[in-house]
Amino acid sequence: KDWTKATITLEGAYAPWNLTNADGTLGGFEPELAKVLCERAKIECTLVASDWDGMIPALNAGKFDVIMDALSITEERKQVIDFTIPYAATPAAFATAKDSPLAKAAGTGSTIKMTPGQTGVKEIDALKEAFKGKTIGIQAATVYAKFVYDNFGDIAEIREYKTGADRDLDLQNGRIDLGFDDAVYFANAFKTANGALDFTGPEIVGSIWGEGEGLGVRKADTDLRDKFSEAIKSALADGTVKNLSMKWFQVDVSPQQ
Amino acid sequence: MASLELLGFGSTGWGALLILATLMTLAVTATALAIGAVLGAIVAGAKLSGNPFLVALGNVYTTVFRGVPELLIIYLIYFGGSSAVTAIGKAMGFEGFLGLPSFAAGALAVGIISGSYQAEVFRGAFLAISKGELEAASAIGMHRAMRFRRIIMPQVLRLAIPGLGNVWQLSLKDSALISVTGLAELMRTSQVAAGSTRQYFLFFIAGGCLYLILTSLSDRIFNGAERRANRSMPASAMGQA
Amino acid sequence: MPGVTRLSVRNIRKSFGTHEVLRGISLDAEDGDVISLLGASGSGKSTFLRCINMLETASDGEIWVDGEHIEMVHKNGRSKPASQKQVDHIRSELGMVFQSFNLWSHMTILQNVIEGPIHVLKRPRADCIAEAEALLEKVGIADKRHAYPAHLSGGQQQRAAIARALAMKPKVMLFDEPTSALDPELVGEVLRVMRALAEEGMTMLVVTHEMSFARNVSNRVVFMREGLVESSGKPDDMFTGGATPAFRQFIGHFGSGQ
Amino acid sequence: MPGVTRLSVRNIRKSFGTHEVLRGISLDAEDGDVISLLGASGSGKSTFLRCINMLETASDGEIWVDGEHIEMVHKNGRSKPASQKQVDHIRSELGMVFQSFNLWSHMTILQNVIEGPIHVLKRPRADCIAEAEALLEKVGIADKRHAYPAHLSGGQQQRAAIARALAMKPKVMLFDEPTSALDPELVGEVLRVMRALAEEGMTMLVVTHEMSFARNVSNRVVFMREGLVESSGKPDDMFTGGATPAFRQFIGHFGSGQ
Amino acid sequence: MDFTFLASTMVTLLKAVPTTLILFSLSIFFGGLLALVIVSMRVSGNRYLSGFAKGYIFVFRGSPLLIQMFLVFYGLGQFGVIRYSFLWPFLREPMVCAVLSLALCTAGYTAEIFRGGIRAVSPKEIEAARSIGMSGFLLVRRILAPIAFRHALPAYSTEIVLMMKSTALASLVTVWEVTGVAQRLISQTYRTMEVFLCAAIIYLVLNFIILQGMALLEYSLSRHRRAAPQPLKA
Ligand SMILES: Nc1ncnc2c1ncn2[C@@H]1O[C@H](COP(=O)(O)OP(=O)(O)OP(=O)(O)O)[C@@H](O)[C@H]1O
Ligand SMILES: Nc1ncnc2c1ncn2[C@@H]1O[C@H](COP(=O)(O)OP(=O)(O)OP(=O)(O)O)[C@@H](O)[C@H]1O
Ligand SMILES: [Mg+2]
Ligand SMILES: [Mg+2]
């Protein structure tokens, strides 16, 4: 198939990755990046908003051609769809209320690097000591959920939320003690929490989170995947991704090799 | 207050989108109710037919679509329907995707659910028609079709109005679940606005209020229709606690 | 034209399950006949009227309405009318007035009355309305013509039901206990209307518990007992002297309240 | 103990809106009195009975039941009973039998009869059942005690309603047209029960259209007209000779059907 | 069809059935109690009580449960008064909040259904009760409530089934019942149709059992309406 046109879907409600403006148009990091990528791939793109829950089945049903929704590249997802190379890779971290006894836990401000399945990391063991008997909130069915279950499942109570935003509200309400998620997402969420929340413990980076966030396409559309992968490569190379990232996240999320 | 500005109609206000979404909810619910009316009438007819096969079929329909959570039915129709349409398209030689648009899939799903409730409403209304009045129609020589048109239909419609009001109310709220298809109806727009601005309570309360406005408007319409249809009923039989 | 046979019933039988309700009833009504049908509760009076206008299908027997024979087919031991068309036609020639009125609740009184003439007889609307208004005048409820049945008293509803039946210009009127649902005040109104009809020469078959009507208005009394005609005759003969013991006991019962 | 005043009513008035239905009615019933209350439809008979047992609140007047005065309070131009407790107590001493039976549809006949004695009078269940069965025997429907009201004929229902009222051992029984909803076959059954009660000396106030009952069973006839007692007296005096013109016209009306 | 997948899905979903049933039975129970309070206010004849009940019914019947649940769970905790009150240890629990919002919602519907039942009680049967000296609570308990409940039963069965289906929303507040677990399974396996088909079967069976139970109850409560037994018939 000759790709001159493609439909890209995103949720439109996951600020600042992607969001909807009051006039109904889409904005945020991903829509602006998409514009650049499409230009470079010489594809005429249409952006449509759709619900997160049905996104991957709908892609495979053919409702649209590309998913661009902070979609982490994981083994499970690779079974059903294909990914481009990543255009972003973000660290993850714990968050808690500023006035909580858990604030400023050991390692706060530092960064540790982890690989999949890695155990015996001393920073994590220190956290386990501090978080014993506490309640940790995560978004269901994410790579972060798996990490928390693997490392804290035996010492803390884990509560799964449908969305990160719900979890943040409960963190403010005091129903849970800690949250664990994408640090970039958190940094943005803290702004609307009126300074009540903050990071605690070290930032965690590395291949443990997979390769990062990439565009999802149907397995059959390898040519489309390759076109976008090329475009991403060039956008990373000339710093376009970094610029957009600084604009929307105030940090650089471009994947580091 | 900055938060109230978010609900306004200015460049940063979501007022216009919310109003549009309310109209979308109204449109999708009305379409669903119309689809449901057709299905409901057919299913009610089957259940009243006396033919054991049709009766069983009607029972299966009403049991399944009232017994399975609406969300599941919407998913099954949204994805299942799309796959089916695409498969049919392929078989007929069309390339690519021919999926159901969100509006059609949503209205169809809620319509099918609403049909199972409307079938019971119509059946109840039919059974409430006085047997004597039907006999009186036979006794002056009306044939089946005429009896249906002149005596049964007008009374079924009248007797069904309160029940249809309830079904409308149910469908209105079922339509909130269509948000999973990405259709920009009231529920989804509230969620998107909440997620984009991070003003969750503001937009959920605003959404709830808009639903209440829809409810009270439709209540008024159905009450009016009921009053009109009940002109022929004694005043004392109505509105008494 | 006295002497024309309007209704002729031969040997009608009817069973519900194993219970034989009518066990062979015959009856002839000529033009202008007013026949009172008496009998205890459960003796089969209503069932008999319902068989005549085919609301029930008789298991056996023959019926002629105004000389026309109602064709039946018998199949697998069950009978049914040969042609629904004929049934509809016959029914339009038989006026039926039900004990419980059965006016159509969604139509005004006038609409009730013109419904049959317009839609079954397919006559011009304007004519029907004019005739209906005259009929309502005759039964004394012309002022109620735009009211709905539920807003009328029992006696008024019963008279509307009579007007509705008359509007079809039937050859024969069948009345099933036309006054028993009415309180004593209203009985008079309805009986007055029926008396007037009798005087105009309408052929009528009336199931009634009103002895005064049977005695003073009808020209024949048929007494039914357990699905059979126990006795019948002129009212004077039946009510004085010539009555069978069963009939005497029956009317004795009615007389006991006085 | 003849001569004891069971019920005494003084100058009862009752209006609905601007329509004054009862315009000052007084009446005394002594032990064993059987009073027939006659009058045209709308003359206020039912309203009068309903005022006596407080289903309606009289606008004015005094009531004594078995010597106990019903206390009323008047406030803002409206009257109401001073104590719900007294009302409940008075009602348990007055048996009311409604025209339309009003049996409780969700209880069997026996349950209907024992309901009041057990739950209002708080008497032992076993005693109540024994007495109820005797009562049902007396009114002749003992075999139906485990049936539900909907499965009984009108006459049986009416007798069950009488048994239910009697089970409360009331001082006075009030009957509101106890036979008018019944077909002629069933009237006899119910009247027989009432006659037996009268013979046992029960004090009864009976609204009725049955002249034979008024004449042969009751010992006083009260004729109401437009909310007033038009005339009253011994049945023999009333029905022969001594009747006022209005009463004569009234019974003429009832007599016309025969 | 991949039967091993279907079987393992079924097992996963069945593990969530107890949660669904707990949500369901607790909210029906408390919703029923609350409905009794609301309906007594509604028919009390007191202008303020009945106005309050009307408002309650309007709000809880008129807005989507999803919004109600969100506001109860995430909204109540925003108020310091509640967070520092004795209620917080209860409201802190997701299950309590889920049951609370389900019960609040069904109470609105159930109150209307009960009111319909009360309206259907013949005023004459009430008068008959008054005329033997019943009043107040005795009258309600012995005559009004049994008849009204019987009348309300068909509509109430429908409401109960709607309630069973409404528990599907509780995963919004982190109570992972059958539908929530199904959705989580889908976001792990992306096999929408198979997972939802399994969930649909579970709900269908649960609702079928409930409806059969209600029909049985209705049957046993309507002896007085059925045709009289006819022992003499052959
Ligand atoms: N549809 C039916 N199915 C079974 N039995 C019936 C049916 N209709 C009538 N019957 C029975 O037939 C018998 C005669 O009934 P019918 O109504 O003709 O009596 P009736 O003489 O009109 O009595 P009434 O004076 O009470 O109206 C009764 O025993 C009745 O139970
Ligand atoms: N609740 C009410 N509201 C208004 N008017 C009423 C009410 N109850 C009775 N009336 C009026 O009071 C008058 C007397 O009614 P009541 O029922 O006492 O008459 P009655 O003598 O019992 O007549 P009947 O013999 O028809 O039963 C009637 O005109 C009636 O319309
Ligand atoms: Mg009959
Ligand atoms: Mg009366």
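## Basis of the description

Helices (H or I, at least four residues) and strands (E, at least two) are DSSP runs, numbered from the N terminus. The model is predicted: local features need pLDDT of at least 70 and side-chain atom pairs count only at pLDDT 80 or more, while totals for chains, interfaces and linings use all residues. Residues are numbered from 1 along each chain as its sequence is written, chains are lettered from A and ligands numbered from 1 in the order in which they are written, and side-chain values use heavy atoms, with hydrogens and water left out.

## Chain B

Chain B contains nine helices and zero strands. The unreviewed UniProt entry annotates residues 14-42, 54-78, 98-117 and 200-222 of chain B as "transmembrane region"; positions are given in the numbering used here, feature names are shortened, and such annotations may be inferred rather than shown by experiment. Residues 14-42 of chain B are 97% helix and 0% strand, with 42 Å between the end C-alpha atoms. For residues 54-78 of chain B the figures are 92% helix and 0% strand, and the end C-alpha atoms lie 27 Å apart.

The C-alpha trace of chain B spans about 70 × 55 × 25 Å along its principal axes.

## Chain A

Chain A has nine helices and 14 strands. Buried residues account for 58% of chain A.

Helix H5 (residues 143-152) of chain A is largely enclosed by the rest of the structure, because seven of its ten residues are buried. Among them are A:Val143, A:Tyr144, A:Phe147 and A:Phe152. The cover over the buried residues of H5(A) includes helix H4 (122-130) and strands E8 (92-97) and E13 (197-205) of chain A.

## Chain C

Chain C comprises nine helices and twelve strands. With 258 residues, chain C has a radius of gyration of 18 Å, in agreement with the value near 18 Å for a compact globule. The C-alpha trace of chain C extends over about 50 × 50 × 40 Å along the principal axes, and 55% of the residues count as buried. The accessible surface of chain C is about 10900 Å², of which 48% belongs to carbon and sulfur atoms.

## Contacts between chains

Six pairs of chains are in contact, and chains B and E share the most contacts, a contact being heavy atoms within 4.5 Å. Chain A does not touch chain C, and their nearest C-alpha atoms are 49 Å apart. Chains A and D likewise do not touch, with their nearest C-alpha atoms 49 Å apart.

Note on methods
Rg over C-alpha atoms; globule rule 2.2 N^0.38 Å. Buried < 20%, exposed > 50% of the residue type's maximum accessible area, 1.4 Å probe, protein only. Areas by Shrake-Rupley, 256 points an atom, 1.4 Å probe, with all protein chains shown as cover.
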